[in-house]
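Subject: Structure for your review

Dear colleague,

Please find the structure below, together with an account of what was found in it. I would be grateful if you could read the two side by side.

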Amino acid sequence: MNILVTGGAGFIGSNFIYYQLKNHPDDRIVCLDALTYAGNLANLESALNHPSFRFVKGDITDRACVFKLFEEEKFDIVANFAAESHVDRSVENPGVFLHTNVFGTQVLLDACRQYGVKRFHQVSTDEVYGDLPIDRKDLFFTESSPLRASSPYSASKAAADLLALAYYRTYQVPVTISRCSNNYGPYHFPEKLIPLMITRALNDQSLPVYGKGENIRDWLYVEDHCAAVDLVMRSGRAGEVYNIGGHNEKSNIEIVKLILKILGKPESLITFVADRPGHDLRYAIDNTKITSELGWSPQTEFEDGLQKTVQWYLNNRSWWENILAGEYKNYYERMYARR
Ligand code: NAD
Ligand code: DAU
């Protein structure tokens with residue numbers, strides 16, 4: 001199989017490429033990535049010289065670039081991880097989210113339609129369902145929950161999902177969609193909760209918790225997400241949506257305290273700051289469909305996954321210090337100074 005992975009220089013995409021090279025040695029992987037602020041070739045360092053791997057710097061919204069690549073490579077499968085992915089940035093500047101996440105997905109779907117593929121897999125998110133009340137632990141997102149996106153980011157992802165399903169219905173492009181809960185693990189960009197708290201705690205800096213820290217996320221180790229996407233894109237039914245999550249709900253404050261405990265740092269570093277506008281209260285996934293239909297189940301216990309993740313940030317200090325020393329400084333200042 002010849003597989004296109006878009007956004008493969010980002011957090012989940014790079015983990016997915018390593019998963020593919022390890023578990024499907026006969027397949028070839030081409031990564032198309034624009035190397036935005038979130039894309040980092042250092043994430044792919046161990047893949048770059050692999051004989052079954054090719055990296056192409058390019059933008060999924062650049063129709064000429066995408067069509068040329070499809071013409072050259074004749075892909076069997078396309079897995080679209082490329083996206084603007086951070087909710088806070090979407091609150092600040094929605095336009096780029098619509099451009100990349102919606103228009104970019106359309107360009108890829110058009111290329112799939114023109115050149116023909118066995119599968120177009122859209123990596124989506126549980127955020128398309130909006131949120132659930134904190135005090136109703138009996139409620140979960142299923143694949144038929146209504147789309148009720150709260151942020152410009154999640155609205156753009158919901159739009160892309162609808163477009164993918166429309167291309168299935170109208171043009172018979174064989175699409176699948178997966179909607180996963182929050183991931184954590186190696187190569188996670190330090191703008192997101194877990195790596196932000198680990199790296200700041202390691203530098204003895206204050207830890208900005210939004211609101212009261214009561215919001216709940218359903219955390220999944222990134223390799224478990226990669227295994228699920230792999231199963232869906234190879235064996236899932238065309239035209240179907242699959243939710244991915246490991247029933248691991250934690251409040252933000254619990255997460256931050258756990259990180260401090262692992263690092264042996266004081267809770268006095270925690271600082272409560274102004275809440276995120278439109279902040280989703282709780283995400284929780286019903287994973288019955290993927291577990292019963294495709295036999296997927298999460299393999300990593302949260303405590304083990306968090307330990308491994310903290311250890312990765314300890315072992316790879318130069319990876320995140322390089323990020324923190326660049327444009328990130330301005331981002332942090334802009335986003336947090338007035339909170
Ligand atoms: P990320 O921000 O770490 O990486 C995104 C990657 O896409 C980067 O390498 C970036 O350079 C690339 N990219 C951005 N715009 C591009 C463009 N126009 N053309 C080509 N490449 C472009 O994101 P992530 O956290 O790895 O998320 C990957 C996907 O998974 C996204 O679609 C996201 O919506 C989805 N998702 C993420 C999570 C999570 O917890 N992180 C959970 C569920 C779903
Ligand atoms: O649910 C899947 C989604 O998970 C993905 O689609 C997104 O791409 C991914 O970024 C993530 O979205 P969240 O908004 O849930 O992740 P984030 O790490 O930004 O925030 C997690 C929680 O922590 C959220 O309730 C906001 C809170 N938070 C976050 C940051 C960055 C803080 O309290 N302080 C912070 O500084």
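In what follows, Ala, Val, Leu, Ile, Met, Phe, Trp, Tyr, Cys and Pro count as nonpolar, Asp, Glu, Lys and Arg as charged, and the others, Gly among them, as polar. With these classes, the shell around ligand 1 consists of 13 nonpolar, 12 polar and three charged residues. Please bear in mind that the model is predicted.

Ligand 1

Which residues come nearest to ligand 1? Out of the 28 residues around this ligand, they are Ile 12, Asp 33, Ser 85, Tyr 153 and Lys 157. For Tyr 153, an N or O atom of the side chain is 2.6 Å from an oxygen atom of ligand 1. The backbone takes part as well: a polar backbone atom of Phe 81 is 3.2 Å from an oxygen atom of the ligand, and a polar backbone atom of Val 123 is 3.5 Å from an oxygen atom of ligand 1. On its own, ligand 1 has 840 Å² of accessible area, and the protein covers 96% of it.

Two or more residues of this shell come from each of α1 (11–23), β5 (119–125) and α5 (152–171). The largest share, three residues, is given by β5.

Ligand 2

Around ligand 2 there are 25 residues, of which Thr 125, Asp 126, Tyr 153, Arg 276 and His 279 come nearest.

In the side chain of Glu 127, an N or O atom is 2.7 Å from an oxygen atom of ligand 2. Backbone N or O atoms are found at 2.8 Å from an oxygen atom of this ligand in Leu 193 and in Tyr 210. The protein covers 94% of the 690 Å² of accessible area that ligand 2 has on its own.

At least two residues of the shell are supplied by α6 (193–202), and at least two by β8 (207–210). By class, the shell around ligand 2 has 11 nonpolar, eight polar and six charged residues.

The cavity

How many cavities of 30 Å³ or more does the structure hold? There is one, and the largest cavity contains about 60 Å³ of space. Its lining includes Glu 127, Arg 276 and His 279, and it divides into three nonpolar, four polar and four charged residues.

Yours sincerely

Note on methods
Residues are numbered from 1 along each chain as its sequence is written. Chains are lettered from A and ligands numbered from 1 in the order in which they are written. This is a predicted model: local features need pLDDT of at least 70, side-chain atom pairs count only at pLDDT 80 or more; totals for chains, interfaces and linings use all residues. Side-chain values use heavy atoms; hydrogens and water are left out. A residue is near a molecule or strand if one of its heavy atoms lies within 4 Å of it. A polar contact is a pair of N or O atoms within 3.5 Å; within protein, one must be able to donate a hydrogen and the other to accept it, and residues adjacent in sequence count only if both atoms are side-chain atoms. Accessible areas come from the Shrake-Rupley method with a 1.4 Å probe; for residues, only the protein chains shown count as cover. Helices (H or I, at least four residues) and strands (E, at least two) are DSSP runs, numbered from the N terminus. On a 1 Å grid over the protein atoms alone, a cavity is a set of points where a 1.4 Å probe fits but cannot get out, and a pocket is an open set with protein on both sides within 12 Å along at least five of seven lines; lining residues have an atom within 4 Å of a point. Grid points are joined across faces, edges and corners, and a volume is the space filled by probe spheres set on the points.
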